[in-house]
Amino acid sequence: MIINKLHKAGLRSDHAYTAAVVSIGLSLLAWTASVKGESAGTDRADRWGIFVGEWAPTFFGLGLALARYEKD
């Protein structure tokens, strides 16, 4: 039902896969920016990197669901 609505809204599996790869890059960027830009230390940088990095599996899963829906 949700996948159907997302597909009708124009979201395709390629969009989700692209978002997953971009979120991996953003995770690295967030970690690097936090290490260099904040005085809180590596712990906070790790939290930022992990927070953004957790988006990737969600987008990959969404991409798989959309790809399966597109085949049917």
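Author: What follows covers the helices, a surface patch and some single residues.

Reader: Fine. What kind of model is it, and how are residues numbered?

Author: It is a predicted model, in which local features need pLDDT of at least 70 and side-chain atom pairs count only at pLDDT 80 or more, while totals for chains, interfaces and linings use all residues. Residues are numbered from 1 along each chain as its sequence is written, and side-chain values use heavy atoms, with hydrogens and water left out.

Reader: Start with helix 4. How many residues has it, and how far does it reach?

Author: Helix 4 runs over residues 55–71, which is 17 residues, and reaches 25 Å from its first C-alpha to its last. That is close to the 24 Å expected at 1.5 Å a residue. Helices here are DSSP runs (H or I, at least four residues), numbered from the N terminus, and the expected span is 1.5 Å times one less than the number of residues.

Reader: Which residues of helix 4 are buried?

Author: Ala56, Gly63, Leu66 and Ala67 are buried in helix 4. They cover an arc of only 105° around the axis, which puts them on the same side of helix 4. The arc is that of the directions from the helix axis to the C-beta atoms. Buried means under 20% relative accessible area, exposed over 50%, and partly exposed in between (1.4 Å probe, protein chains only).

Reader: And what is exposed on the other side of helix 4?

Author: Pro57, Thr58, Leu64 and Arg68 are exposed there. For arginine 68 the relative accessible area is 63%.

Reader: Where is His7, and is it buried or exposed?

Author: Histidine 7 is in helix 1 (residues 2–8). It counts as buried because its relative accessibility is 19%. Leaving out residues up to four places away in sequence, histidine 7 touches Arg12, Leu66, Tyr69 and Glu70.

Reader: Now helix 3. What span should it have?

Author: The twelve residues of helix 3 should span 16 Å at 1.5 Å a residue, and the end C-alpha atoms are 16 Å apart, so the two agree.

Reader: Which residues of helix 3 are buried, and which are exposed on the other side?

Author: Ala45, Gly49 and Val52 are buried in helix 3. Their arc is only 70° around the axis, which puts them on the same side of helix 3. On the other side, Asp43, Arg47 and Ile50 are exposed.

Reader: What does Ser27 contact?

Author: Serine 27 is in contact with Gly49, Val52 and Gly53, leaving aside its neighbours within four places in sequence. Serine 27 lies in helix 2 and is buried, with a relative accessible area of 13%.

Reader: Different topic. Which residues make the nonpolar surface patch?

Author: Val22, Leu26, Leu29, Trp48, Phe51 and Trp55 make a nonpolar patch of about 590 Å². Helix 2 (13–37) and helix 3 (42–53) are the elements that give two or more residues to the patch, and helix 2 gives the most, with three. Like charges are joined within 9 Å, and nonpolar side chains (Val, Leu, Ile, Met, Phe, Trp, Tyr) within 5 Å. Accessible areas come from the Shrake-Rupley method with a 1.4 Å probe, and for residues only the protein chains shown count as cover.

Reader: How does Leu26 count?

Author: Leucine 26 counts as partly exposed, at 38% relative accessibility.

Definitions and conventions. Contact means heavy atoms within 4.5 Å. Patches are made of residues with over 30% relative accessible area and no salt bridge: like charges are joined within 9 Å, nonpolar side chains (Val, Leu, Ile, Met, Phe, Trp, Tyr) within 5 Å. A salt bridge is a side-chain nitrogen of Lys or Arg within 4 Å of a carboxyl oxygen of Asp or Glu.
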